[in-house]
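Visitor: Hi, I'm new to this one. Could you walk me through it?

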Protein chains: 2
Amino acid sequence: MKVAEGCERLSLNQITTKGWSLEEAVRGCVDAGIPAIGLWRDKVAEAGLARAARLCRDAGVAVSSLCRGGFLTAGDETARRAAFADNLAAIEEAAELGTDTLVLVVGGLPSGSRDLVGARHQVADMMGELAPHAGDFGVRLAIEPLHPMFCADRAVVSTLGQALDLAEAHPAEQVGVVVDSYHVWWDPELEQQVARAGAGDRIASYQVCDWTLPLPADALLGRGHVGDGHIDFGWLTDRVAEAGYEGWIEVELFNEQVWNTPGEQTLATLKERHRTHLVRR
Amino acid sequence: MKVAEGCERLSLNQITTKGWSLEEAVRGCVDAGIPAIGLWRDKVAEAGLARAARLCRDAGVAVSSLCRGGFLTAGDETARRAAFADNLAAIEEAAELGTDTLVLVVGGLPSGSRDLVGARHQVADMMGELAPHAGDFGVRLAIEPLHPMFCADRAVVSTLGQALDLAEAHPAEQVGVVVDSYHVWWDPELEQQVARAGAGDRIASYQVCDWTLPLPADALLGRGHVGDGHIDFGWLTDRVAEAGYEGWIEVELFNEQVWNTPGEQTLATLKERHRTHLVRR
């Protein structure tokens with residue numbers, strides 16, 4: 001495939017074009033000259049695992065990550081074992097798809113529980129069990145700290161510092177972190193934690209989208225195109241570069257309006273914003 | 001006034017009974033046996049400053065805090081001087097009302113700006129100017145870290161640790177911090193930062209309300225009665241007590257449904273939740 005000018009590091013996270021099948025998304029990347037894609041497991045399952053891997057390989061589109069494993073905070077042992085098995089499956093899928101990065105959204109409080117400290121310990125325990133398996137498959141578990149407004153229902157890992165505390169209990173090739181602009185931009189320790197992540201070779205992925213206001217009725221869907229909101233992408237991208245990260249910059253948009261836009265148009269916007277805000281000189 | 005059993009430390013933050021005038025809120029506290037009230041400046045202005053002070057004093061209702069100063073992140077010098085003058089006025093009002101605690105919501109990004117680092121520096125600069133004046137009036141500026149989802153539009157101070165970094169540049173009697181459950185409950189460093197705040201005698205106020213889901217259309221209004229959400233108040237209240245804080249526990253609810261409930265009924269709920277979740281043995 002021919003890569004679009006200035007887009008050598010751009011990756012389309014597949015949720016951004018939610019209406020597209022995996023096949024359509026890979027075709028869209030080729031047509032737009034976007035060299036990589038972050039896949040979602042439900043879309044991979046729809047396409048069939050072996051076929052999905054072949055589609056990407058044949059098209060020459062790199063798989064930057066697989067979304068997602070995690071949800072490790074189950075309330076009882078049965079659910080815990082199910083979560084473990086599901087994460088093992090996700091690790092194998094990542095390996096087959098040819099990506100070394102499995103994004104983990106660790107899960108929120110177990111239903112009815114207010115034991116946040118306990119839930120965080122459970123995540124640490126589960127990471128201890130999963131990390132060696134990831135290592136066996138050459139896959140790195142990428143812990144994604146989610147914005148603190150998702151602490152109760154999605155991820156009890158809320159800061160980059162906390163994600164690094166968890167990751168550093170394991171070899172860097174087994175566990176890393178995701179730096180997602182939307183989730184971490186507000187953090188007063190951001191500069192220092194990005195540097196720490198880089199120094200330890202822990203940055204597994206750099207994901208971008210913008211913080212726009214007002215928050216929508218479903219707070220999950222408030223992410224805007226890079227440049228439409230309040231995040232200083234020049235500043236953040238320079239910090240990530242200084243930390244030594246030279247990998248993919250993946251655009252992950254949960255946004256009803258973007259989802260209702262034709263995929264080709266969304267990809268054109270992605271390229272334009274990438275060139276304007278993320279290619280640094 | 002006769003204090004309701006178990007409610008010796010309970011304070012009604014006036015925003016919780018938004019429909020009430022200051023006079024009605026003071027009367028409501030007396031009737032319910034709630035010994036303290038956190039006042040809001042707009043309601044004080046409505047009642048008249050001297051009259052508001054007298055109403056509280058005559059009723060024997062303590063003023064636990066005044067809400068609020070802050071909004072220090074103005075974009076230009078004119079707005080900056082106006083913010084400074086407004087905070088001086090707030091300090092004097094707090095002194096006249098007989099409270100030693102002026103809550104500060106520091107302000108979000110200046111309009112059109114993405115310079116979060118710069119805005120945070122500006123807050124630090126303004127604190128340096130304001131703190132001695134507060135000291136002159138025997139008032140303590142209580143920096144309130146707001147939940148990170150308010151970073152862009154309301155408060156660039158997002159964590160207790162960051163608030164303490166700002167406060168510790170000044171004498172403890174001039175600048176403290178607010179521990180508000182809603183804003184800090186998710187913080188992985190919460191236990192250690194509450195202990196740090198206590199060790200330095202920096203806890204100026206303990207405010208409570210619960211994190212409930214889903215977030216409402218206006219994210220500002222999502223705060224629930226203590227016990228209705230995901231926060232472990234036993235755990236948090238024990239940490240605050242271990243830190244040596246023995247002051248008021250102020251209930252501050254931004255919630256349309258609560259605002260549409262008769263004030264007497266809201267105060268009855270406050271007392272019941274206080275006894276159940278906040279009185280520790």
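Visitor: Let me start with one residue: is A:Thr266 buried or exposed?

Guide: A:Thr266 counts as buried, at 1% relative accessibility. Buried means under 20% relative accessible area, exposed over 50% and partly exposed in between, using a 1.4 Å probe and protein chains only. Before we go on: this is a predicted model, where local features need pLDDT of at least 70 and side-chain atom pairs count only at pLDDT 80 or more, while totals for chains, interfaces and linings use all residues. Residues are numbered from 1 along each chain as its sequence is written, chains are lettered from A and ligands numbered from 1 in the order in which they are written, and side-chain values use heavy atoms, with hydrogens and water left out.

Visitor: Got it. Where does A:Thr266 lie, and what does A:Thr266 touch?

Guide: A:Thr266 is part of helix α11 of chain A, residues 263–278. Helices (H or I, at least four residues) and strands (E, at least two) are DSSP runs, numbered from the N terminus. Leaving aside residues up to four places away in sequence, A:Thr266 touches A:Thr16, A:His225, A:Val258 and A:Thr261. Contact here means heavy atoms within 4.5 Å.

Visitor: Let's zoom out. How many helices and strands does chain A have?

Guide: Chain A comes to 11 helices and 10 strands. Its radius of gyration is 18 Å, close to the 19 Å that the globule rule gives for 281 residues, so chain A is as compact as a globular protein of that length. That radius is taken over C-alpha atoms, and the rule is 2.2 Å times the number of residues to the power 0.38. Along its principal axes, the C-alpha trace spans about 45 × 40 × 40 Å.

Visitor: And what share of chain A is buried?

Guide: Buried residues make up 60% of the 281 residues in chain A. Among contacts with a separation of 6 or more, 81% come from residues 24 or more positions apart.

Visitor: Can you show me an example of that? What does A:Leu253 touch?

Guide: A:Leu253 sits in the loop between β10 and α10 of chain A, and is buried with a relative accessible area of 0%. Its contacts, not counting residues up to four places away in sequence, include A:Ile15, A:Cys209, A:His225 and A:Leu270. A:Leu253 and A:Leu220 are 33 residues apart in sequence and 9.9 Å apart in space, C-alpha to C-alpha.

Visitor: What about A:Phe254, buried or exposed?

Guide: A:Phe254 is buried, at 7% relative accessible area. That residue lies in the loop between β10 (249–251) and α10 (256–259) of chain A. With residues up to four places away in sequence not counted, A:Phe254 touches residues including A:Trp40, A:Leu220 and A:Trp259.

Visitor: Now something on the outside. Is A:Glu246 buried or exposed?

Guide: A:Glu246 is exposed, with a relative accessible area of 70%. You'll find A:Glu246 in the loop between α9 (233–242) and β10 of chain A.

Visitor: Switching topic: how many disulfides are there over all chains?

Guide: The count is zero, taking a disulfide as a pair of cysteine sulfur atoms within 2.5 Å. A:Cys7 is in no disulfide, and the nearest cysteine sulfur, that of A:Cys29, is 11 Å away. A:Cys7 is also buried, with a relative accessible area of 0%.

Visitor: And how far is the sulfur of A:Cys151 from the closest cysteine sulfur?

Guide: The distance is 15 Å, to the sulfur of B:Cys209, which is too far for a bond. A:Cys151 is buried too, at 0% relative accessible area.

Visitor: Then what is phi of A:Phe71?

Guide: Phi of A:Phe71 is near 50 degrees, a positive value in a residue other than glycine. A:Phe71 is in the loop between β3 (62–70) and α4 (77–97) of chain A and counts as partly exposed at 36% relative accessibility. B:Asp201 is not a glycine either, yet has a positive phi of about 55 degrees. At 53% relative accessibility, B:Asp201 counts as exposed.
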